[in-house]
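Here is a short briefing on a sheet and the helices that go with it. Please look at the model first.

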Amino acid sequence: MRVPFLDLRAQHDPLHEEILTAVREVIEASAFAGGPFVEKFEKDFVAYCRTNFALGLGSGTEALWLSLLALGVGSGDEVITVPSTFMATAEAISFCGAKPVFVDIDERTYTMDPDLLEQAITPWTKAIIPVHLFGQIADMDPIMEIAHKYGLPVIEDACQAHGAEYKGKKAGSIGYAGCFSFYPGKNLGALGEAGVVVTNDRSFSEKIQRLRDHGQEKKYHHSDIGWNARMDGIQGAVLRVKLKTLERGNVARRAHARCYEESLDGKADLITPREAAYARHVYHIYAVRVQGRDQLMRALTDAGIACGIHYPVPIHRQKAYRHLGLELGSFPIAERCAEEFLSLPMFPELSSEQIETVVREVKSHSLPALAVC
Ligand SMILES: *Cc1c(COP(=O)(O)O)cnc(C)c1O
């Protein structure tokens, strides 16, 4: 049996008619760039995240970039984040002219280690971006406490954590602002590119609103130098339809994760993801850790099971960031995880037969022993 890594076709098939109706409405109203369909989605997403404001944008990368711009982050500033993330987190910092400063991750949650945060703060630090990697929220209480002590805003990179919770609070609603991506493969995905920023701060939300629309206060009157970063009307309409299925999808992902864990737990050469006591994990990615990862990945691929690696190179070791001069060994946990992570198929429509196939194949390979942390 072939097992895909992700099956968007299976996700969209039951929604086909509803999506087409939504798209038809946008075409009939000719409301393509921002506009009423985006506003309706923003209202729904605000209710889902339990924040005051949501601003629809062109991508998650823009959500991060505009959030930092709205905070006034610029040249000479530093923004703290983690090396275990998708490139966009660091890019957004660099695109403001600021410098990314990294803090290593915690070995169990794969998110920012709060114990290492304070020592990374300098007089130039302007913001902190914890990343809710794979669908699990970073340990926000100690991060927020340190941020308050230094008067620093926290921007949550919630691009992989739609619907994840921290002590009952929704991802994106804990810090000063939360950034989401609706890239098609995310837990909530558009039919193209889209993103959103959520916040409780009115003036910050108004600033983002101007920045995404060329700094316009009213038509052709520009108070700021902004950008074109509006969400498409069609994406807003489609996301409204798909938002209704997000919770069901997250529940299914959690059930699949439990199946994987029950079957794989006790395999001494493999570490399954752990849900922190404070967290509701939404398993955007189901990454196990193994030694001899590439070998196992080849075997699974040969057996028709599609896997992924998120991510093979930590950001501080990317060629693009060579100028930072961060040697191997700078962030040992992130570096080690990058060599051991293997993402198994994970999506709501995954069947129990498919999970069994993956488990059987993984179990049939004996790997070098792993030191469990
Ligand atoms: C997907 C993602 C982004 C970027 O979102 P886009 O919509 O692709 O621009 C940023 N950060 C993380 C952690 C992501 O997974």
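Three strands make up an open sheet, ordered 3-2-4, with parallel pairing. Strand 3 (99-102) and strand 4 (125-128) are the edges; each has a single partner strand, so one side of each lacks a neighbour in the sheet. From one strand to the next, the twist averages 30 degrees.

This is a predicted model: local features need pLDDT of at least 70, side-chain atom pairs count only at pLDDT 80 or more, and totals for chains, interfaces and linings use all residues. Residues are numbered from 1 along each chain as its sequence is written, and side-chain values use heavy atoms, leaving out hydrogens and water.

**Terms**
- Helices (H or I, at least four residues) and strands (E, at least two) are DSSP runs, numbered from the N terminus.
- Strands pair if DSSP finds at least two bridges between them.
- Axes are lines fitted to C-alpha atoms, for helices over the stretch in contact (heavy atoms within 4.5 Å), and angles run from 0 to 180 degrees between N-to-C directions.

**Sheet and helix 5**
- Strand 2 (residues 78-81) pairs with strand 3 in the parallel sense over four bridges.
- Glu-78 has Lys-99 as its bridge partner in strand 3.
- Helix 5 (residues 87-95) lies across strand 2 and strand 3, at about 140 degrees to strand 3.

**Helix 4**
- Nine of the eleven residues of helix 4 (residues 60-70) are buried (under 20% relative accessible area, 1.4 Å probe, protein chains only).
- Among them are Trp-65, Leu-66 and Leu-68.
- At the helix 4 start, a side-chain oxygen of Ser-59 comes within 3.4 Å of the backbone nitrogen of Thr-61.

Definitions and conventions:
Buried means under 20% relative accessible area, exposed over 50%, partly exposed in between (1.4 Å probe, protein chains only). A polar contact is a pair of N or O atoms within 3.5 Å; within protein, one must be able to donate a hydrogen and the other to accept it, and residues adjacent in sequence count only if both atoms are side-chain atoms.
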